[in-house]
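Reader: I would like to learn how to read sheets and charged pairs in a model of this kind. Could you take me through them step by step?

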Amino acid sequence: MDYLVKAYAMHEGVRIYAARTTDLVSYAQKRFNMWPTSAAALGRVLTISAIMSCTYKSGEFLNISVNGGGPIGKITVEATDGKVRGYVENPGVYLKRGNKLDVGMGVGNDGMIEVIKDLHMREPFSSSCELVSGEIAEDFTYYFAKSEQIPSSVGLGVLFNPDSSVKAAGGFLIQVMPGCRSEDLDKLEEKLKTIKPCSTMIDEGMEPEDIIKEITDGDYELLEKRDLSYECNCSKERFRKGLKTLEVEDLEDILSKEKKAEITCNFCNERYIFTEEDLKKILEEKKKEKHNK
């Protein structure tokens with residue numbers, strides 16, 4: 001079961017979130033039949049998005065896009081309350097540099113991270129910053145420092161089995177609080193230079209609590225635990241409402257030429273089929289509504 005834990009560390013000078021996301025990243029890979037580099041890139045963005053969603057109040061919504069101009073194309077993720085869904089434009093990318101996946105080349109670094117937050121205020125809040133490397137963790141570390149003015153460190157990883165299926169995935173977000181002691185910050189920076197990759201720690205059986213313990217040398221206080229999952233809220237009824245927004249002429253054109261409509265959800269790859277009878281009912285309803293206006 002995927003989950004996240006939140007803790008304070010080092011005399012409450014540091015806030016840390018650590019997450020295991022193996023199941024949700026594996027689910028996304030299977031839904032889109034993604035090749036490893038595409039799956040690693042999306043998995044990293046899904047992981048940091050899930051973590052970020054848990055830093056906001058319940059019901060607040062994030063839309064995150066990463067577009068670096070690489071062969072993977074644009075990565076889009078939506079997240080709220082630890083529930084995420086997302087996709088890449090090109091799921092069929094497999095690039096390696098030596099023995100490691102080259103996520104940076106797949107994503108590219110000629111572009112931006114864009115974050116839109118619906119915090120239930122009058123207008124959504126948006127922020128953005130340029131990509132640094134395309135490796136995602138470095139890019140979001142820079143994003144937090146530049147766009148949110150929070151000194152941070154982000155660690156993200158996805159590890160694969162020999163058959164290219166997801167073996168382990170997870171990440172952490174460390175945020176430095178006002179008043180953090182300089183000696184604690186120095187200690188933390190040295191520790192981050194020596195810890196193993198996040199996906200390796202998870203593959204070795206470490207839980208999110210163990211990752212926080214490793215980062216802080218046991219100097220922490222757990223505050224919260226949250227479940228994480230991949231969830232899509234699409235349905236045939238939602239897409240039916242979308243078809244109903246088309247003009248009468250457009251619906252008639254689909255009926256005469258195609259006799260049916262097939263719609264695939266970008267976020268989960270579920271396919272919905274509307275038969276000729278379905279379309280005729282939608283068209284009749286549309287005509288009645290137009291007549292009654």
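This is a predicted model: local features need pLDDT of at least 70, side-chain atom pairs count only at pLDDT 80 or more; totals for chains, interfaces and linings use all residues.

Reader: In what order do the five strands form the open sheet, and which strands stand at the edges?

Author: In general, the strands of a sheet pair through backbone hydrogen bonds, either parallel or antiparallel. Here the order is 10-11-2-1-12 with antiparallel pairing, and strand 10 (152-160) and strand 12 (220-227) stand at the edges, each having a single partner strand, so that one side of each is left without a neighbour in the sheet. Between neighbouring strands of this sheet the average turn is 15 degrees, direction ignored.

Reader: Which helix lies across strand 1, strand 2, strand 10 and strand 11?

Author: That is helix 2 (residues 36-53), which runs at about 140 degrees to strand 10, while helix 5 (residues 182-194) also packs on the sheet, touching strand 2, strand 10 and strand 11.

Reader: How many salt bridges does the structure hold, and which residue forms one with Glu135?

Author: Side chains of opposite charge can pair when their charged atoms come close. The structure holds 25 salt bridges, and in one of them Glu135 pairs with Arg44, the closest N and O atoms being 3.1 Å apart. Glu135 lies in the loop between strand 9 (125-130) and helix 4 (137-147) and Arg44 in helix 2, so the pair ties together parts that are 91 residues apart in sequence.

Reader: Is Arg44 buried or exposed?

Author: Arg44 is buried, at a relative accessible area of 13%, whereas Glu135 is partly exposed, at 25%.

Terms used. Residues are numbered from 1 along each chain as its sequence is written. Side-chain values use heavy atoms; hydrogens and water are left out. Two strands pair if DSSP finds at least two bridges between them. Helices (H or I, at least four residues) and strands (E, at least two) are DSSP runs, numbered from the N terminus. Axes are lines fitted to C-alpha atoms, for helices over the stretch in contact, and angles run from 0 to 180 degrees between N-to-C directions. Contact means heavy atoms within 4.5 Å. A salt bridge is a side-chain nitrogen of Lys or Arg within 4 Å of a carboxyl oxygen of Asp or Glu. Buried means under 20% relative accessible area, exposed over 50%, partly exposed in between (1.4 Å probe, protein chains only).
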